[in-house]
Amino acid sequence: MFESVVGNEINILSFLICLLSSMVLGILSSLVFTRGHSHSGSWAQSLAILPPVVTLVIMMVNGNIGAGLAVAGTFALVRFRSAPGTAREITALFFTVAIGLACGMGYVGIAAVFFAVVSAMTLLLNLFHFGEAGKAQRQLKITIPENLDYDGLFDDIFQQYTKSHELIRVRTTNMGTLYELTYMVELKSAQPDKRFIDDIRCRNGNLNIICGKELENETL
C-alpha cells in the first residue's frame, strides 16, 4: 500500500494512477479548506488543480537533482510574485503541494492516508473553533485629535462596557494631526452597545470609530 507505483521508468498505467489520484485528492482538499470559509472560485479551483500540476512536474524530474532545484526555484518565484495570503491559505497551498509531491513520486497510498488524517484534523479544529477569538472580542479603532493624551483616556468607559481591553497599536494620520488608537476589547455583551460608541464619540470629538471583528490577515 505504501510502495511507489512508479518504477525505474514511467509507463502509461503508473502515470494515469498518479495523475487521477492527485486530481481526486486535489478536489477533496479544495472542499476541505473552503468549507465554512469565504473564498473565491479561482481560489477553490487553484487548490484542486495544484496537486496534479505538481505531480506532473515531479514525475518529469524523476530523480534529476538539477531539475529538482530548478523546479524548487520556480515555485519560490511564484510564491514571492503572488500577493500574501492568510495563514490558512498558505497552509492549504503547502498541503496540496505535499499531496502532489507524494503522488508524483508514486506514493499514492501515503498521499491518501496523509489527506485523510490531516483533513479529519482540520475539520475537527473547525468544528470546535479551535484558537478562534471569542464572540465578544472586537478590534476597536478610535481616532483622536493630537492634543489629547491617549494614555488612560477611555479607561472608565472600557471598565463600564468591557471585560478586558488592551492598546495594541498607535499611529498618526492626517499629516500627524490625528492619532489612531487600536484596541483589542472583550465586550460584556456579544454586540457593541450603542451607548458604548456614543460615550467614546463624546470623548474623541466625534471623530472616526471602528468596532468590529479583526480581519483574518495574518500570514505565516
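The paragraphs below go from the chain as a whole to single residues.

This is a predicted model: local features need pLDDT of at least 70, side-chain atom pairs count only at pLDDT 80 or more, and totals for chains, interfaces and linings use all residues. Numbering starts from 1 along each chain as its sequence is written, and side-chain values use heavy atoms, without hydrogens and water.

The chain has 7 helices and 4 strands. Helices (H or I) are DSSP runs of at least four residues, strands (E) of at least two, numbered from the N terminus. Their order from the N terminus is α-α-α-α-α-β-α-β-β-α-β. Of the 220 residues, 32% are buried, where buried means under 20% relative accessible area, exposed over 50% and partly exposed in between (1.4 Å probe, protein chains only).

Now the rings. The whole structure holds 8 aromatic pairs. Rings of Phe, Tyr and Trp (its six-membered ring) pair if their centres lie within 6.5 Å; planes under 30 degrees apart count as stacked, over 60 as edge-to-face and the rest as tilted. The centres of Phe158 and Tyr183 are 4.8 Å apart and their planes stand at 65°, so this pair is edge-to-face. The pair links distant parts of the chain: Phe158 sits in helix α6 (residues 155-161) and Tyr183 in strand β3 (residues 178-187), 25 residues apart. Phe158 is buried, at 1% relative accessible area. Tyr183 is buried as well, at 4%. Ring pairs join Phe154, Phe158, Tyr161, Tyr183 and Phe196 into a cluster.

Last, helix α1 (residues 12-34). Ile17 lies in this helix. Ile17 is partly exposed, with a relative accessible area of 33%.
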